[in-house]
Amino acid sequence: MTELEIGQEVELEFGGKAQVLSVIGSGGQGTVYLVRFNGQKWALKWYDIDKMKKPKEFLKNLRSNIADGPPDNKFLWPKYLTKETEDGTFGYIMDLKPDGFDSFVDILNTYKLEVDPLTGRAVKKDVKFSSLTAMITAVINIVNSFRLLHRAGKSYQDLNDGGFFINVNTGAVLVCDCDNIAPDGSNFGIGGKPGYMAPEVVRGIAQPNVQTDKYSLAVVLFKLLFRGDPMEGEKVVRDVCLTESSELKHYGQNAVFVYDPNDASNRPVRGIHDNVIKFWRIYPDYIKDAFIRSFTIGITDPTKRIIENEWQKLFIRLRSEIIMCGCGRTNFASMFVQPTEKTFKCPKCGMEFSTLGFSNRSYRMPLYLGCKFYECEMNPESEEFMKVAGELVENKLKPGVLGIKNCSDRKWRAKMPDGVFYDIAPGKGFPVWQGLEIDFGEIKAQI
């Protein structure tokens, strides 16, 4: 039984029935339906077992994943299995995608099609990040999700552009299609999507695992940041029709990164890969170097691929180096003028920004109205990457006077203009001045 009828009831393994309300979508393994179960609406994924290589092993792994639970609340994890039908068909139900989340594919396309209920016509609607901070926050959330998954000893196996829903206003991320996740070293016939698979999987000499996940993750991050394929340049463009043999060549046997410093044969083509060309100029060198490593050394040696913890540190730094100028220009600090080692200057309006140097890192954080400090930056033991610990605010009684507000739940100490350190309780603040020093505990900072 590969298809379900609207109104049909499906029995769940541990009791109860889910009623099919409508079709949400379909893919290579089966169809996803909107169902009602226990008075709530859920998503039901119903498999076409004829398309599965190892349905019994797949079902066993699915049952194990349900028992283990998700690594984090960012995963749309399977919740309940259905009873197997007489012919062995099965499915599972999971939470529905909340409102406010768009698919990764729509984000890459920068739009989605919505049907106007009055006219029945499909209308284009923009799908773009509301800010640079929201986009980098989404990147951090994606990386952190896979760090937690791999820490749990599992791999995603089929990481591609269909694996995420993202809130473009906040950067919140939901990982979907979690049914292929399996213990590292296990595989149930899943290969992956061309362009996202690691070269060794494309060549057929390895099965998906944590190391191949790391390669696929780098592809996802590159596509989100640079809006293009890391291996699609001049060489690929010459192949008008990408056949299986040409995909094997370009993504497996002879994969060449578009910005490989030692091989210029596959550079992006102006007029075709304009996004990649434009954004490659914008990102700071330490981000570009990470992708160069991922798609040069990392192609041939899986053990040299960047681990999630390193990606996380790089993007936490990148988030802290975003400058939002009062004139409307928003970009990374590397795109601003740097008159001194401790200041940045807007090339558009000339506004200057002081910076804060931290005792545990070499780079400095630019200070602008509204910039935020995160718990992981204040406390080296913290894994709170999204929890705001401090913010640069304007004095309510003295417009134009800036101060730092302690948004954490810990006491800080700050040096005031009289040269004395004072306790700064949670919720309190202190002025920004040229001799400012802050004691966060283990980490210190100064202007």
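Predicted model: local features only at pLDDT ≥ 70, side-chain atom pairs only at ≥ 80, totals over all residues.
The protein chain has a mean pLDDT of 93, and 99% of its residues come in at 70 or more. There are 0 disulfides in the structure.

**Confidence by element**
- Among the elements, helix α9 (residues 285-294) gets the highest mean pLDDT, at 98.
- At the other end is helix α7 (residues 244-253), with the lowest mean pLDDT, 82.

**Around Asn-160**
- Asn-160 sits in the loop between β10 (154-155) and β11 (164-166).
- Asn-160 counts as buried because its relative accessible area is 10%, and the cut-off is under 20%.
- A polar atom of the Asn-160 side chain lies 2.7 Å from the backbone nitrogen of Gly-162.
- Leaving out residues up to four places away in sequence, Asn-160 touches Lys-193, Tyr-196 and Val-220.

**Nonpolar cores**
- The largest nonpolar core has 98 residues.
- Within that core, the members touching the most others are Ile-142, Phe-164, Phe-257, Phe-291, Trp-311 and Phe-315.
- Another core, of 14 residues, lies apart from the largest one and includes Tyr-47, Tyr-92, Ala-182 and Phe-188.
- Back to Phe-315: setting aside neighbours within four places in sequence, Phe-315 is in contact with Ile-136, Val-139, Ile-140, Val-143, Leu-221, Leu-225 and Ile-287.

**Helix α11**
- Helix α11 covers residues 308-320, which is 13 residues.
- The buried residues in α11 are Glu-308, Trp-311, Gln-312, Leu-314, Phe-315, Ile-316, Leu-318, Arg-319 and Ser-320.
- As background, an α-helix has 3.6 residues a turn, so residues three or four places apart point the same way.

**Cysteines**
- Cys-327 is partly exposed, with a relative accessibility of 29%.
- Cys-349 is also partly exposed, with a relative accessible area of 42%.

Definitions and conventions: Residues numbered from 1 in each chain as written. Heavy atoms only, no water. pLDDT = per-residue confidence, 0-100. Helix = DSSP H or I, 4+ residues; strand = E, 2+ residues; numbered from the N terminus. Buried < 20%, exposed > 50% of the residue type's maximum accessible area, 1.4 Å probe, protein only. Polar contact = N/O pair within 3.5 Å; in protein donor to acceptor, adjacent residues only side chain to side chain. Contact = heavy atoms within 4.5 Å. Core = buried A, V, L, I, M, F, W, Y, C linked by side-chain atoms within 4.5 Å. Expected span 1.5 Å × (residues − 1). Disulfide = S-S within 2.5 Å.
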